[in-house]
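Me: I am new to this structure. Can you walk me through how to read it?

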Amino acid sequence: MSLLELDDVSVTYRIAAGEVPAVRGVSLTLDSGAALGVAGESGSGKSTLAMALLRLLPRDARVGGRILLDGEDLLTMKWGRLRAVRWAEASIVFQGAQHGLNPVRRIGDQVAEPLLVHGQAKPDAARKRVHELLEQVGLPTWRARSYPHELSGGQRQRVMIAMALACSPRLIIADEPTTALDVMVQAQVLTLIKELVAEQNISLIMISHDLSVLADVCDQLAVMYAGRVVEHGPSGDVFHEARHPYSRALAAAFPTVGDPASRMAPKGLGGDPPDPMNLPGGCSFHPRCPVALDECATLDVDLWPAGERRSAACVHVRAKEEAS
Ligand SMILES: Nc1ncnc2c1ncn2[C@@H]1O[C@H](COP(=O)(O)OP(=O)(O)OP(=O)(O)O)[C@@H](O)[C@H]1O
Ligand code: SF4
Ligand SMILES: [Mg+2]
C-alpha cells in the first residue's frame, strides 16, 4: 500500500470576488521512502496542494476528494488525531519559513517545541535531541543558544529542517525549501535534504518551480499547470524527455540547478499563467502552447498514459499513444 494517496483532490478558495479553483482533480501516490517533486510556475497551486495535505488551509477553502495517509483519510479525520499526525507522522517545511522563526526565542527552544508539545520528550531528553538534530542538519550544537538573527538564511533553513525532523515523521513536505537562498547554499541544503531522507527512509514531497532541482532530489515528478497535474512520471524521464509542451518549456527554462532569475518568467515560455478565476476553455495551456491545435481551445484532455509509469495531458500524447 502507498504511504500517501491523493484521489481527485480539489481546492477552491471562496473570496469576495468569487471562487478561485486553485487545485483541480489531482490524483497522485507516494510510496514509503520515495521522493515526489511537484513543479509548476507561480500560482499553479503547489502550496495550496501542500497545505491541503495537512488541512492547513484557511477556512474559506473548500477541499474535495480523498487524501489517504496509510489508508486513513486526512480530510475526514478528527481534530485530535490530525494534531497527532501533524509533526509526528507528516511535517511541513513552509515556503519562506526561515523568516517565520520567532525572533526573540533561542533556536534550541524552538526546535524543542514540537517534541515537548507532542509529548515526545521531557525537557532534558528534548535538549539532547535538539543537539542531535542540529548535528544532523550540519549546525554546531552551540547554535541552540543563538537567536534567529544571528544565523544566515541557509542556517535558518537548516533549523526549519531540524524542526521538521524533530518527531521522526514518515513524510516531510518541503515547499520551496531553498528558493530564498543563494545558489551555493541552495545546493548544500538540497544535498542535506537528499541525504536525510535517504538515511532515515523518510518519504518526501518537494515543491519547486525549478524542475532541475526536483529532478536532482526526487524519483518521481508531477508538473502542475493551472491547478492540475499535466505530466507525471519518473523524474529523469520527465526532465530529459518531457511529453507535455509545458513540462518541456519548464525543463528548458531550468537547465541547471538553481536559477532564481527564471522563477517568474521561464525562458522560452511566452505569456503569463492564467488567472484561476478566468481559466481559458479547453486545455488551459492553449493560449501559450507552441504546438496547440485548433481543437485545443475547446477540448479538455485528461491525463493519458504516456509510457511506462508515465502520463501526460495533451492531445499530441493521446494521438501518439492511440496510434501505437
Ligand atoms: N488564501 C487564498 N485566498 C484566495 N486565493 C488564494 C489563496 N491562496 C492562494 N490563492 C490563489 O490560489 C492559486 C494557487 O496559489 P498557490 O499559492 O497554491 O500557488 P503556488 O504554485 O504555490 O505559487 P508560488 O510558486 O508563487 O508559491 C493562485 O491563483 C493564488 O492567487
Ligand atoms: S492539449 Fe493542445 S494546447 Fe494543451 S498542451 Fe497539448 S497541444 Fe498544447
Ligand atoms: Mg507556493
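**Reading the model, feature by feature**

Reply: Start with helix α9, residues 245–253, which is mostly covered: eight of its nine residues are buried. Keep in mind that this is a predicted model.

Me: Which residues of α9 are buried?

Reply: They are P245, Y246, S247, R248, A249, L250, A251 and A253. Here a residue is buried if 20 or more other C-beta atoms lie within 10 Å of its own.

Me: How should I think about the directions in which helix residues point?

Reply: An α-helix has 3.6 residues a turn, so residues three or four places apart point the same way. Now take the case here. The buried residues of α9 pack against β3 (35–39), α7 (211–217), β9, β10 and α8 (235–240).

Me: Where does α9 lie, and at about what angle to β9 does it run?

Reply: Helix α9 lies across β3, β9 and β10. Its direction is at about 110° to β9.

Me: Let us turn to the sheet. In what order do its strands come?

Reply: The order is β6-β7-β8-β3-β9-β10-β12-β11. These eight strands form an open sheet, and the pairing is mixed. At the edges are β6 (90–93) and β11 (304–305), each pairing on one side only.

Me: How do I read the side chains of a strand?

Reply: In a regular strand the side chains alternate between the two faces of the sheet. Next, look at a strand in this sheet. Strand β10 covers residues 228–234, and six of its seven residues are buried.

Me: How many bridges join β9 to β10?

Reply: Six bridges join them, and the two strands run antiparallel. Strand β9 spans residues 220–225. L221 has G233 of β10 as its bridge partner. M224 stands opposite V229 in β10.

Me: What lies between the two strands of that hairpin?

Reply: Two residues lie between β9 and β10. In this hairpin A226 takes a positive phi near 50°.

Me: Which strand is joined to β10 by two bridges?

Reply: That is β12, residues 311–312, and it runs antiparallel to β10. Look for E231, which stands opposite A312 in β12.

Me: Which residues is V223 in contact with, leaving aside its neighbours within four places in sequence?

Reply: The partners of V223 are A39, G40, V229, V230, E231, V238, H244, Y246, S247 and L250. Compare that list with α9: Y246, S247 and L250 are among its buried residues.

Me: Now the loops. Where is R55 found?

Reply: R55 lies in the loop between α1 and β4 (61–69). R55 has a positive phi of about 50° although it is not a glycine.

Me: Why does R55 count as partly exposed?

Reply: Because R55 has 16 other C-beta atoms within 10 Å, it counts as partly exposed. A residue is partly exposed when its count falls between the limits: 20 or more is buried, 12 or fewer is exposed.

Me: Where is S168, and what is its phi?

Reply: S168 is in the loop between α5 (153–165) and β7 (171–175). Its phi is positive, about 50°, although S168 is not a glycine. S168 is partly exposed because 13 other C-beta atoms lie within 10 Å.

Me: Last topic, the ligands. Which residues are closest to ligand 1?

Reply: The closest are Y13, A22, S42, S47 and T48, from a shell of 16 residues. By class, this shell has six nonpolar, nine polar and one charged residues.

Me: Which elements each supply at least two residues of that shell?

Reply: They are β1 (4–15), β2 (18–30) and α1 (46–53). The most comes from α1, with three residues.

Me: And which residues come nearest to ligand 2?

Reply: C283, H286, C289, C296 and C314 come nearest, out of 14 residues around ligand 2. By class, the shell has 11 nonpolar, three polar and no charged residues.

Conventions
Residues numbered from 1 in each chain as written. Chains lettered and ligands numbered in written order. Predicted model: local features only at pLDDT ≥ 70, side-chain atom pairs only at ≥ 80, totals over all residues. Near = placed C-beta within 6 Å. Helix = DSSP H or I, 4+ residues; strand = E, 2+ residues; numbered from the N terminus. Nonpolar A, V, L, I, M, F, W, Y, C, P; charged D, E, K, R; others polar. Pairing = 2+ DSSP bridges. Contact = placed C-beta atoms within 7 Å. Axes fitted to C-alpha atoms, helices over the stretch in contact; angles between N-to-C directions.
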